[in-house]
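Okay, thanks for coming, everyone. I'd like to walk you through a few spots in one structure, so let me put it on the screen.

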Amino acid sequence: MSLIIQTAWNFIWKDGEGFMDERKSSKVTTALKVAALPASAYLIITGAGLNVQAEEITPTISDTPVIVEETQENKDIDMTQSDQESAPVVEIDAGITTATLSEEMMTDQTILDAMEDQKPSETEYLNDSSLDSGSEEEKEDSITEGTETGSKVETGKTETTDKSENVDTSEIDGVETSAKQPLENEQSTESSNLDAVQADEGTEAIEVAVEPETEDEEYRLQYHFSNEQGWSNDPNGMVYYNGQWHLFFQYYPDGVNHGMMSWGHAVSDDLIHWTELGISDTFNAALYENGFRWHFSGSAVWDINNTSGFFNDSDNGGLVAIWTIAGMPSGGSFSQRQAIAYSTDGIHWTEPDLGIERVYIDGDGNPTEMTEVQKDYYKNVILGDYHVARVIHNDDGSVTYVNDDPLSSNDFRDPKVFWHEDSQQWIMVVAGGPLRIYSSPDLIHWSPEAMQDEITTECPELYYLPVQGTNEYKYVLSEGGRWYQIGDFEQVDGVWTFVPEVGADGTPARYEMNYAPDAYAAQSFNDMVNHRVVMVQWMSNWSYADNTTVNGETLEGIRKVLGEEHNGQFTLFSELSLVQTPDGLRLQQKPVAEYDSIKNAVFEFKDVTLDEDTDILDDFNSQQFQMEVEFEPEKGTDEVVIEVLKNTEYETTITYNVQTQTLTVDRSNSMDPEKAPADHEQNGTWFKFLYPYSAKVPMEDGKVKLNIFVDNYSIEVYANNYTTVLTELVFPDKDATAMDIYAIGTPVKANIKFATMDSYREANTDMRDLSGTMQTVYDILSKGNKGYTNTSFAELQDTYNKALGLVFSGDANDQTVVLANSALKKALSDLMFEGTGTPNQDISADEGIGTADTGMNVTNTSVQTGQIAQTSVQSEGTVDTAVNSGVVGGLFGSLLSLFGFTMLFKRRRD
Ligand code: FRU
C-alpha cells in the first residue's frame with residue numbers, strides 16, 4: 001500500500017518520500033525572550049514582593065484538597081434512559097500507509113505545472129520508477145555486492161541477513177582509520193571555532209527562544225508542548241543531556257502543511273516548561289541549495305563515554321544525532337539514508353566528514369562516480385540507501401561494493417539508536433518500511449543485525465522496560481506508537497533480533513498503544529542518567545492533519561479549524577513500564593509525575609453518589625483540567641457518563657458501558673460539523689473525524705478508574721491502570737467549558753478529583769496562572785524562619801485555594817484578582833509573624849505584604865476554613881460591588897458554596 005498526498009503547497013508525498021514545488025527560505029521567528037518564567041515565580045514577585053527564582057516544584061496543593069462528602073440521598077432512577085447503545089468500536093490506524101497512489105495524482109497537470117520552476121530532477125522523481133519498490137529483478141541487480149572487473153560490477157550473491165556476509169571487517173577497520181583521523185581534526189577545529197560559530201549571524205537565531213504566541217489564538221494547548229508556528233509532526237532526537245530534556249521534531253515553519261522537513265527544537269528543565277529554539281543549520285532544509293535535503297525522523301544520544309571519539313574525553317561526551325536525510329543531491333537519486341552529526345550544546349552541530357568512499361550503482365549494477373557536491377552530501381552518511389554502495393578496496397586489487405541496506409527498500413528511515421548494556425554497544429532500529437536492526441561500537445560504523453521484514457512500520461523503537469513488581473526487564477517494540485509487541489532482544493543465528501511473545505494462535509501478539517486516532521510516531525528520551533523511559537507522540541493523524549487529495553479532490557483537514565498559523569502538537573509525556581494485568585503483561589503509559597506541579601485548585605469529592613441528576617460538576621467550567629474518576633458500578637448500572645467541553649449544542653462524552661465493559665470517548669458531537677475535517681474514503685476505509693472511539697476496560701475489583709486530561713482542544717483518557725489510552729483532538733466552541741458527570745441505571749458511588757492545570761506558555765499576568773505556588777512559598781519559608789508549622793502552612797494553603805476560587809469566579813475581574821491577591825499577601829504576612837523566629841528578611845512586611853496594591857486592606861487576619869468568604873473588605877478605593885456581593889457574598893453561605901466557583905480561564909480565549 002502506498003500513499004500520496006498533494007497539499008496546497010504542492011508537496012508531493014509518496015510512501016514517505018516527497019518534495020516541494022517551492023523552496024522557501026526558513027522563517028525563523030525569534031525574539032529575545034528566553035523561557036517564560038515558571039508561573040510559580042510570579043506570585044512571589046507580585047504577590048509578596050519577593051525576588052525568587054523558580055524552583056523545582058512538587059505537588060502540595062493536592063495534599064490538602066477540599067473534601068466534600070456526598071450527603072444527598074439516592075434519587076429515583078429513570079430506567080427509560082438506560083437503553084443508550086454503546087458506541088461501536090472502530091479501529092483507525094494512524095499510519096500513513098492507507099491510501100493508494102492514484103494515477104491522476106501522479107500525472108496531475110496542476111502538480112506538474114506547479115513544479116515548473118523546479119529542477120528537472122523533481123519531475124524525474126515523479127516519473128521515477130525506482131520510487132516503487134521495484135521488481136525483485138531490479139532489486140537483485142542494484143542491491144547486491146559485486147566485484148569489479150573493469151568498470152562493470154558483477155553481481156555477486158544477494159545480500160542476506162547474515163552479517164558476516166555483509167560486513168567486511170577489514171573495510172570497517174579501513175574506514176575507521178580513514179574516518180577517525182579527519183574527525184579528530186574536525187573536532188579540534190570545531191571546538192576552536194565554537195565561539196566564532198556562536199557569534200555568526202546565521203546561527204544566532206537558534207540560541208534564543210522562539211517567542212510564545214501571546215495573541216489570543218482560537219486553539220492552543222496550554223500544558224502540552226506545541227510549536228509556536230507552522231507545521232510539526234514526529235518527535236525526534238529526544239535526549240536528556242546535562243540536566244535538560246531536548247525535544248526535536250519534524251518541522252516546517254513556513255506553512256501549516258507537511259513541507260520540506262527541518263528539525264524544530266525545544267528544551268525543558270522539567271518536562272513541563274518548554275522553550276522553543278530556532279532551527280540549527282545542520283537540520284535546516286531551507287539552507288540546502290544543491291538539491292533536496294530534508295531532515296526526516298531520527299534520534300539523538302548522549303555519548304557520555306565518547307565512544308564516537310567526537311568529543312574530548314574529559315568533557316563527559318556530548319550529543320550525537322542520527323537521523324534520516326531524505327531527498328537528493330543535484331543529479332543524484334531520491335532516497336533515504338542515515339546521517340550523523342554531533343554537538344556539545346544541542347544547538348550547534350557539526351557534520352563530520354567520515355571519509356567513506358561511495359559510488360552510485362545504476363540498474364545494471366554499474367558504479368558511477370559521484371560529483372564533489374554529491375560526495376559532500378554523503379560525507380556524514382553512516383548508512384547509505386541502496387542506490388549507492390560503499391567501496392571496499394580489497395588487498396588483491398579488486399573492489400567490493402557493499403549496500404548498507406540488505407533489504408534494499410526505498411523506505412529506509414526513522415533510526416532510533418540506544419545503548420545496549422548487555423552487548424555494550426549501540427543498537428539502531430530503523431524502518432519506514434521493513435524493520436532493520438544494526439549494531440555499532442562507536443555510532444559511526446554499523447553492522448547489520450536482524451532484518452525483520454515481517455514487521456513494517458514507521459518510527460520504530462525498542463524500549464527496555466522494567467516489569468513492575470519484579471526485578472525483570474523486557475523489550476517492547478513500538479510500531480510508530482500505534483501498536484506494540486512485548487518480547488526479548490537476543491542473538492538468533494548470530495544476529496541481534498527482536499523476538500516477540502506469541503499469542504494463543506502462535507503468531508506475534510500485538511497490542512494497541514492508543515485506542516483513539518490522534519497519537520503517532522512515539523519516541524522516548526534517551527536518558528543515560530535517570531534511566532526513565534519518557535515517551536511522547538505527535539498528537540494528530542495523517543488522515544486529516546494536512547489537507548488530503550483524494551481522487552483529485554482536496555479535502556480539508558484540521559487546518560480548517562486550526563487556522564494558518566500553527567498546526568502541530570504533542571501528547572502528554574508519559575513514563576513507560578510493564579505491568580501485570582488479568583490479560584497478561586501490558587505497556588503502562590503514565591503521564592509523568594511532573595504534571596502534578598501544575599495542578600492548581602484541586603477539588604475532591606469522596607464517596608459521592610452518581611445518578612441521572614447529579615449536579616456535582618454543574619458549576620465547574622474549564623477547558624484546561626485534569627480529572628480522576630473512580631466508580632463502582634452496581635448490578636443495574638448501565639452507563640457512567642462524563643461530559644466535557646460542553647455548551648448548549650456540543651459536548652465530548654466519555655462513557656463507560658457497564659455491560660460491555662467498554663470505554664468510549666466520543667467526539668461525534670464535539671463541534672460544528674461544518675468545521676470538522678472532511679470524512680473520506682481511502683482504500684476502502686472511511687476516515688471520519690466526528691466519531692466515537694472505544695476500548696475494552698474490564699473492571700478491577702468491581703471498579704473503574706479513569707484519568708482524564710483536557711487541554712483546550714485535546715482529550716486524553718487513561719484507563720486499566722494506564723495500560724489503555726485514548727487520545728483525541730477535539731475542537732470545541734469557545735464557550736464549551738461546562739462539564740457533567742452522571743450515571744444511568746442504578747446509581748454508583750464515586751470518588752472524583754478535579755484539578756485545574758496551569759499553562760506553561762506565558763508569564764503570568766494575574767493569579768489565574770499561578771502554579772506550584774504553595775510549594776515555592778513553603779520552600780522559602782522553610783529556608784528562612786524555622787518557626788512555621790505544617791498547620792499554619794496548611795492554613796495559608798487553604799487561603800490560597802480560596803483566593804483562587806475568587807479569581808476563577810465567573811464574575812472575576814481585575815478587582816477580584818487584586819482582592820484575592822491581597823488576601824493572600826495578608827495570610828502570608830500573618831504566617832510569617834506567627835513563627836517564633838525572626839522573619840525572613842527576604843520576605844519582610846516592608847515589601848508590601850499586607851497592603852493591597854489598590855489601597856484595599858483585607859482586615860480579617862485569621863485564616864480558617866472558609867474564612868476568605870467571610871473576609872471583610874475595607875475599601876479605601878472603590879471595590880466593585882459585583883465582586884463584593886456576587887463573589888465574596890456568594891461564598892458566604894456554606895462550605896459547599898466554595899464549589900460554586902465558575903472557573904473560567906478567561907485569559908486564553910476571551
Ligand atoms: C512519520 C513520518 C516518518 C518520516 C516523517 C517525515 O510520521 O512519515 O516516517 O520520517 O514522518 O516527516
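Let's start with threonine 470, which counts as partly exposed because its relative accessibility is 38%. For that scale, buried is under 20% relative accessible area, exposed is over 50%, and partly exposed is in between, with a 1.4 Å probe and protein chains only.

Quick housekeeping: this is a predicted model, where local features need pLDDT of at least 70 and side-chain atom pairs count only at pLDDT 80 or more, while totals for chains, interfaces and linings use all residues. Residues are numbered from 1 along each chain as its sequence is written, and side-chain values use heavy atoms, with hydrogens and water left out.

Back to threonine 470: you'll find it in the loop between strand 25 (460-466) and strand 26 (473-479). Strands here are DSSP runs of E, at least two residues, numbered from the N terminus. What does the side chain of threonine 470 have by a polar atom? The backbone oxygen of valine 467 is there at 2.8 Å, and the backbone nitrogen of glutamate 472 lies 2.9 Å from a polar atom of that side chain.

Now the rings. Rings of Phe, Tyr and Trp (its six-membered ring) pair if their centres lie within 6.5 Å; under 30 degrees between planes is stacked, over 60 is edge-to-face, and the rest are tilted. That rule gives 48 aromatic pairs. Take phenylalanine 525 and phenylalanine 573: their ring centres are 5.8 Å apart with planes at 25°, so that pair is stacked. Phenylalanine 525 is in the loop between strands 30 and 31, and phenylalanine 573 in the loop between strands 34 and 35, so the pair ties together parts 48 residues apart in sequence. Both of these phenylalanines are buried. They also belong to one aromatic cluster, including Trp245, Tyr251 and Phe570.

How values were computed
Helices (H or I, at least four residues) and strands (E, at least two) are DSSP runs, numbered from the N terminus. A polar contact is a pair of N or O atoms within 3.5 Å; within protein, one must be able to donate a hydrogen and the other to accept it, and residues adjacent in sequence count only if both atoms are side-chain atoms.
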